[in-house]
Amino acid sequence: MLQIKKMSCSTKEDDLSILDNFSLTIKEGETHAIMGPNGTGKSTLAKAIMGHYQYKITSGDILLDGESILHLTTDERAKKGLFLCMQDPTVIDGVSNSEFLRTAKTSITGEKENLYSFIKNIEKAMDDVSLDHNMLHRSLNKGFSGGEKKKNEILQMKMLKPSIIILDELDSGLDVDSLRIVCENIEKYKEENPKASLLIITHYPRILQYLKPEYVHILKDGCIQKTGGMELALEIEKNGYSSMNTISGDESNE
Amino acid sequence: MNKVLYIIDEKKDTNYQYNICEDTVIYHFSIDSSSKVEINLLTEGVTLYYYYNNINYGDHFLNIRVNHKESNTHSELYNHGVNVENGKLDYYVEGCVPKNSSHCICNQENQIMNMMDGKSTIFPNLLIDNYDVDSNHSAYIGKLSEEKLFYMMSRGLTEEEANHLLLNGFLINSDSIDLSKIKKFIKEIKKI
C-alpha cells in the first residue's frame, strides 16, 4: 500500500512550491488516475515518489506498506517495488538495452539470471509489446521513436515485476494501436499480479477506458481538488477543468 | 574497413605519426598519458575512423591533427575522456583541408567528463581552405548526467552500478571494439 500523507514538495534549486498538503492512499490491487491542467504538479508527484534529485519534500510523508521511504535512495525505492514509467524516457548512449535490463534485474532480484533464460524471457516480453528483437542490442532508447520508448518502458515493467506502477503520461506519443498494445500488457500484468497497484497520470480518458481506474482524482493548485470515478474523467474531457466544482481534497482521498 | 589498429598507452607520453593509404580504424586507449598524434590521409578516397578514449588523473593532453592531403578523403574523430580527479586535461583537435584537396569530409566529436573538480579544455579546430568540404565539430565538457543516473537508479541500479555502466558506454564507444584487446583499459574503468 502506498500512502502519501499531507506531502508538500518544492524544487531544490529555487524553492518553488509545487505540491501542497497532498494526500493519497493507493491500496493493494487498486488503480488510481490523476488528471489535471498543465503545470499542476502531476509529473512532480511521480518524480517525488521516486526520489528525484530536483525535488525536496518539505513536509508530510510517503509510506510504503506502512514504512516511510523518504530516507531511501531512488534505487532502494525501486527495490521496494516502485516503478515509474517515464513521460520522456532518457536516452543513454553506449549502454545497450539488454545490458541495462540484465543489470537492473540482477539488482532488483539479487540473483543473476543465466543468460539463456534471460534472453528467452526478454524476447517473449518483446514479442508481447511488439518490439523488434534487434532493439535489445541498441543503446538504451537511442533512436527509438516515441512509441518504441514507451513500449520499452512497459518491457522493463514486465521484466522487473514491480508492485506499484506509476504511469506518467504513458499515452503521450503513442498511436492508437500502440496504446492498445501497451494497455493490454498492463492489464495482463495486473491479472497475473493482482496485488500490483497502478497510478495513472494522464490528460486523456482514452487510456483510462482501457485500464479502468476505480478512482479518478483531479489535481489542481498542488493538491487533489476532486475525486470520482470514470465519469469524472469523461466530464473533464467534455467540459474542461474550469467548469469543475471543487471540494476539499483531504477527506475524499485518504 | 581494411585495417584496424589498437593502441593502449599507460602512464607514458607518446608521439604517433600515421600515413594512411587504405581505409583504417584506430582505437587509441590512454591511461593517464599525453599523446601527440599526426595523421596524413595520403590516398584519394581513403577513410579514417579514430576513437580516442582516455582516463586521466594528472595533467595531460591530447594533441591530434588530421591532414587531408588528397581529395575525397574522410576523417571521423571521436575523442572521449574522463578526468577522474583534480588534474588538467586539454584536447587540441585539428582537422586540416588544404585548397588542393576537394570534396573531403572532416568531422570531430569531443567530450570530457569531469568526475571531480578537474580543469578540462577542448580546442576543436577546423582549418579548411576549400569551399566543397563537409565538416562538423562538437565539444562538450561536463559531469555525468544526473537525469541519466536517476533513470538508471529508478530501475534498481545502485549509483555505483549506474556510474559504471555510463562510463563503460562512454569510454568504449564503438560496438566494433574487440574487448579482449583492451582488458587493461576495462580494468582501469572499474577503478574510476
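Mentor: Gladly. A residue is called buried if 20 or more other C-beta atoms lie within 10 Å of its own, exposed if 12 or fewer, and partly exposed in between. Keep in mind that this is a predicted model. By that count, buried residues make up 42% of the 254 residues in chain A.

Trainee: Why is Thr58(A) called partly exposed?

Mentor: Thr58(A) has 13 C-beta neighbours inside 10 Å, so it counts as partly exposed. The limits are 12 or fewer for exposed and 20 or more for buried, and the label covers what lies in between.

Trainee: Where is Thr58(A) found, and which residues does it touch?

Mentor: Thr58(A) is in strand 4 of chain A. Leaving aside residues up to four places away in sequence, it touches Ser8(A), Cys9(A) and Ser10(A). With Ser8(A), the separation is 50 residues in sequence, yet the C-alpha atoms are 5.5 Å apart in space.

Trainee: What share of the contacts in chain A comes from residues 24 or more positions apart?

Mentor: Among contacts with a separation of 6 or more, such residues account for 73% in chain A.

Trainee: How do you know that the radius of gyration of chain A agrees with a compact globule?

Mentor: For 254 residues the globule rule gives a value near 18 Å, and chain A has 18 Å, so the two agree. Along the principal axes, the C-alpha atoms of chain A fill a box of roughly 55 × 40 × 35 Å.

Trainee: What makes strand 4 and strand 5 of chain A a pair?

Mentor: Two bridges join them, and they run antiparallel; the requirement is at least two bridges, so the pair qualifies. Within it, Leu64(A) stands opposite Glu67(A) of strand 5. The open sheet has four strands in the order 2-1-4-5, with antiparallel pairing. Strand 2 (17-26) and strand 5 (67-68) are called edge strands because each pairs on one side only.

Trainee: Which strands does strand 8 of chain B pair with in the parallel sense?

Mentor: Strand 8 (residues 88-97) pairs with strand 6 (residues 60-68) over eight bridges, and with strand 10 (residues 119-128) over 10 bridges. Val93(B) stands opposite Ile64(B), and its bridge partner in strand 10 is Pro124(B).

Trainee: How do you know that helix 4 of chain A has close to its expected span?

Mentor: Helix 4 (residues 115-128) has 14 residues and reaches 20 Å from its first C-alpha to its last, close to the 20 Å expected at 1.5 Å a residue. The helix is followed by Ser130(A), whose phi is positive, near 60 degrees.

Trainee: What is the confidence in chain A?

Mentor: The average pLDDT of chain A is 92, and 96% of the residues score at least 70. Over residues 247-254 of chain A, however, the pLDDT is below 50, although this stretch has 16 contacts in the model beyond near neighbours in sequence. Where pLDDT is low, the predicted coordinates should not be read in detail.

Notes
Residues are numbered from 1 along each chain as its sequence is written. Chains are lettered from A and ligands numbered from 1 in the order in which they are written. This is a predicted model: local features need pLDDT of at least 70, side-chain atom pairs count only at pLDDT 80 or more; totals for chains, interfaces and linings use all residues. The radius of gyration is taken over C-alpha atoms; the globule rule is 2.2 Å times the number of residues to the power 0.38. Two residues are in contact if their C-beta atoms, placed from the backbone, lie within 7 Å. The expected span of a helix is 1.5 Å times one less than its number of residues. pLDDT is the predictor's confidence in each residue, from 0 to 100.
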